[in-house]
Amino acid sequence: MNKKDILKDMKQLINDFANQDHTTVGRTEEKKTESGTSLKTEYVLRGKVGIIQKKPE
């Protein structure tokens, strides 16, 4: 995972807020190691806009 991918995902997250109040962006990357096994990395960015309100007790 490089910085360019993270910035691209953050840009997508921010652009989604123009149309909705919550959004999710995910990415999955797979790399082969020298021994032949594969390493899979997944991450999810979630965002929500709004005022947090306390629930009445």
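Reader: Where is the place of Leu13?
Author: Leu13 sits in helix H1. Helices here are DSSP runs of H or I with at least four residues, strands are runs of E with at least two, and both are numbered from the N terminus. This is a predicted model: local features need pLDDT of at least 70, side-chain atom pairs count only at pLDDT 80 or more, and totals for chains, interfaces and linings use all residues. Residues are numbered from 1 along each chain as its sequence is written, and side-chain values use heavy atoms, leaving out hydrogens and water.

Reader: Does Leu13 count as buried or exposed?
Author: Buried, because its relative accessibility is 8%. Buried means under 20% relative accessible area, exposed over 50%, partly exposed in between, with a 1.4 Å probe and protein chains only.

Reader: What is Leu13 in contact with, leaving aside neighbours within four places in sequence?
Author: Thr23, Val25, Leu45, Arg46 and Gly47. Contact means heavy atoms within 4.5 Å. The C-alpha atoms of Leu13 and Arg46 are separated by 7.9 Å, and the two are 33 residues apart along the chain.

Reader: Which residues of H1 are buried?
Author: Asp5, Asp9, Leu13 and Asp16. Down the axis of H1 they fall within an arc of 75 degrees, so they line one face of the helix. The arc is taken over directions from the helix axis to the C-beta atoms.

Reader: What do they pack against?
Author: Strand E1 (22-32) and strand E2 (38-48).

Reader: And which residues are exposed on the other side of H1?
Author: Lys3, Lys4, Leu7, Lys8, Lys11 and Ile14.

Reader: Switching to the strands. How many bridges join E1 to E2?
Author: Eleven, and the strands run antiparallel. Strands pair if DSSP finds at least two bridges between them. Thr24 has Arg46 in E2 as its bridge partner. In the hairpin, five residues lie between the strands, and Gly36 takes a positive phi near 100 degrees.

Reader: How many salt bridges does the structure hold?
Author: Two. The term means a side-chain nitrogen of Lys or Arg within 4 Å of a carboxyl oxygen of Asp or Glu. Asp9 pairs with Arg27, with the closest N and O atoms 2.9 Å apart. Asp9 is in helix H1 and Arg27 in strand E1, so the pair ties together parts 18 residues apart in sequence.

Reader: Is that Asp9 buried or exposed?
Author: Buried, with a relative accessible area of 6%.

Reader: What does Lys40 form a salt bridge with?
Author: Glu42, the closest N and O atoms being 3.6 Å apart. Lys40 is exposed at 53% relative accessibility. Glu42 is exposed too, at 55% relative accessible area.
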